[in-house]
Number of protein chains: 2
Amino acid sequence: MSPRQPSPLFQGPANAGRHAIRCLVPDLPPVSALLPYLERIEQNRWYSNFGPLLLEYENRLAALTGVGSVGGQCVTVSSGTAALALGIAALDLPAGSRALLPALTFPATLLAALRCGLAPVLCDVSPETWALTPEIALASLKYRDCRLVLPVATFGSPLAADAWDRFALATDACVLIDAAAALGLQQIGKSANVAFSLHATKPLGIGEGGVFVTSDADLAERVRRITNFGFERGVVIYPGGTNAKLSEYAAAVGLAQLDRWPELLNRRLAGWLKYRSVLDELSGVRVQAGLDQHPPAVVSVNLPADASHAASALAAVGIETRRWYLPPLHHHPLFASTDRVGPDGGTSLPVTEQLARHNLGVPFHVYLSDDDMETISGSLGTCLDAC
Amino acid sequence: MSPRQPSPLFQGPANAGRHAIRCLVPDLPPVSALLPYLERIEQNRWYSNFGPLLLEYENRLAALTGVGSVGGQCVTVSSGTAALALGIAALDLPAGSRALLPALTFPATLLAALRCGLAPVLCDVSPETWALTPEIALASLKYRDCRLVLPVATFGSPLAADAWDRFALATDACVLIDAAAALGLQQIGKSANVAFSLHATKPLGIGEGGVFVTSDADLAERVRRITNFGFERGVVIYPGGTNAKLSEYAAAVGLAQLDRWPELLNRRLAGWLKYRSVLDELSGVRVQAGLDQHPPAVVSVNLPADASHAASALAAVGIETRRWYLPPLHHHPLFASTDRVGPDGGTSLPVTEQLARHNLGVPFHVYLSDDDMETISGSLGTCLDAC
């Protein structure tokens, strides 16, 4: 019996090799930057269960996100999906409660709600920011009584936490922002909580991991206990418990990544401003609104034509593309019958459908040169002229 | 606002410092052993999503557990609890199906069943091996129709996989062995699947992680897809999906740990044989049956008196103890009303209750010297004479 061969599951680095310009290149700390932290682990002989490096990492994340100054906390977990799922579990909503979320998101948002026994309701997004806004959520609540709203920081573009705080106050619904790709940029609300991913493909990634962030220290402690089987004083008292803790090794990567963050963010922002000016020259090509101050995590462009043609044309000249968040949730076989509420109370989600047909994820990472950007823009322009 | 202080959640290294003889000392690879693997990660620039180190780790685990030679697979996941939960999810049992498990186990066994929407049924264990046996399971099935049985390799003592295969064949129930602490020792069945933990406190630990192992390659692939949101060809088709993947960093620790395993196992076995001979001299003190060839992961002794007195007496002389698996599940507030089926069809679980009162976890790790063993045995003897 020969050893198992590489999985066909993953379309990443292994397949990306055939592209001259890759869509996404993870940027994690070099081994030399990890070493001082690894040596501390070896000295401590403490490898998980809320160790000293993890505590330091969570405290530094609390400073980065700003919740440290208002008595809030960051709770690290095994993935961004776990940050969503355990954050929802800690809210302890009645089983079967409705949860509103945009159809344009990565499936994790929906899977987290399902895991907690909630009834998901999919809605449309803004044609400008491509995100679920408080206005859309308010309109949706006229048709469905939702106890939880899961707005998504689309493609890593941060949402207005204060607007979601006002929404929560006005409606009494809980708000948990899925800001998987926006750690370091997304603000935390007074009542609007936030889940981040630390996956390798995220700007502050560590490999695998997630963070739940809240201004409510009691809620943070409930989430933390749920990551540790729901224990309190040696007995299980919180429902939904599991093991979703991060190891000290993961915290070591996280600390080394935080050391590099100011420089990384500067490079990402400079690259994004240049890239946007290049993309702006293409007639009929739109990028999402709201990214004047921040770089997105990934760049998705809205084309004047069906994106699948452009994807093929770019692939033919060695430019890798992705269809981030696509298909939208209700086009996945498993979610085809999930409840939906459109702008008029019906089931059609026109903005999402337009983005699903016309959006294409193009390369963006710190290794993308000015020449690469011109090549991408030129190839896209040629293709659009021909379409 | 000052940074958050160390969590009171964990009673490990931080509190263990006041004991001269610690109960459990994790034994993970030194930094020097990690370096070659970390350098490979840096060269690959591949940090998660079924990377090359993870594939190598899973293939080496398949060789270690023996499933590689029968076409089976090891699927790494984020924790031992996730190995159980996602293994159960992949079986796709009808919601509300009953799952039989011993009341004497760590809460993760039960939490995994609950997460999958099953109805747990707690049963008693053997007075010799302290485990749920096929005989006990058969007797329980007379009173409750269970679609799944979750036997537990108590304290890391491996179970007879072939006996569980025969049980599965005879009853048509699925079997998933929770062998959290028995990686490297527990055999895999033809139909009896196994979940292992890679937590720092386990003999082959890597910090945080787990492994689902099966002889059924199709089942393995379903579990693997569920660890990656249930995706197949870009759309979600498997229910129960989440992100439970292990990073390449975790695989690096795992590979370095496997390199050390033959030596580690020898040291653990030699220590155990010596320890058992010392403990055997204590009148009325029993260890679990079935550990002639293997060391357990942790040592729990059954005392002729209530174990809480001995725990206090040992603590007073600087010997740390633990009450592994205690209280039994039905004594946790959250599980007090969980269905139970005793030997006579009633709700009393006499063996579990006896072990709950009389069992005490005593120190066992590779740093335990012969002198330490004599000290522990002597202190235990003095305390038992006095009780």
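**View 1. The open sheet of chain A in the predicted model.** Eight strands make up this sheet, in the order 1-7-6-5-4-2-3-11, and their pairing is mixed. The edges are taken by strand 1 (73-77) and strand 11 (339-341) of chain A, each with a single partner strand, so one side of each has no neighbour in the sheet. From one strand to the next, the twist averages 30°.

**View 2. Strand 2 and strand 3 of chain A.** Strand 2 (residues 98-102) pairs with strand 3 (residues 119-123) in the parallel sense, over five bridges. At L101(A), the bridge partner in strand 3 of chain A is L122(A).

**View 3. Helix 3 of chain A on the sheet strands.** Helix 3 (residues 52-65) lies across strand 1 and strand 7 (210-214) of chain A. The helix runs at about 130° to strand 1 of chain A.

**View 4. The contact between chain B and chain A.** In this contact, 65 residues of chain B meet 65 residues of chain A. Elements that give two or more residues to the chain B side include helix 3 (52-65), helix 4 (80-91) and helix 9 (248-280) of chain B. Helix 2 of chain B gives the most, with five residues. By class, the chain B side has 33 nonpolar, 22 polar and ten charged residues. Of the interface residues of chain B, 100% are also interface residues in chain A, so the copies meet through the same surface.

View 5. Chain B is superposed on chain A by a rotation of 180° with 0.0 Å of shift along its axis (RMSD 0.0 Å). In chain B, the C-alpha nearest the axis belongs to S78(B), 3.4 Å from it.

Terms used:
Residues numbered from 1 in each chain as written. Chains lettered and ligands numbered in written order. Predicted model: local features only at pLDDT ≥ 70, side-chain atom pairs only at ≥ 80, totals over all residues. Contact = placed C-beta atoms within 7 Å. Helix = DSSP H or I, 4+ residues; strand = E, 2+ residues; numbered from the N terminus. Nonpolar A, V, L, I, M, F, W, Y, C, P; charged D, E, K, R; others polar. Least-squares fit on C-alpha atoms with pLDDT ≥ 70 in both. Pairing = 2+ DSSP bridges. Axes fitted to C-alpha atoms, helices over the stretch in contact; angles between N-to-C directions.
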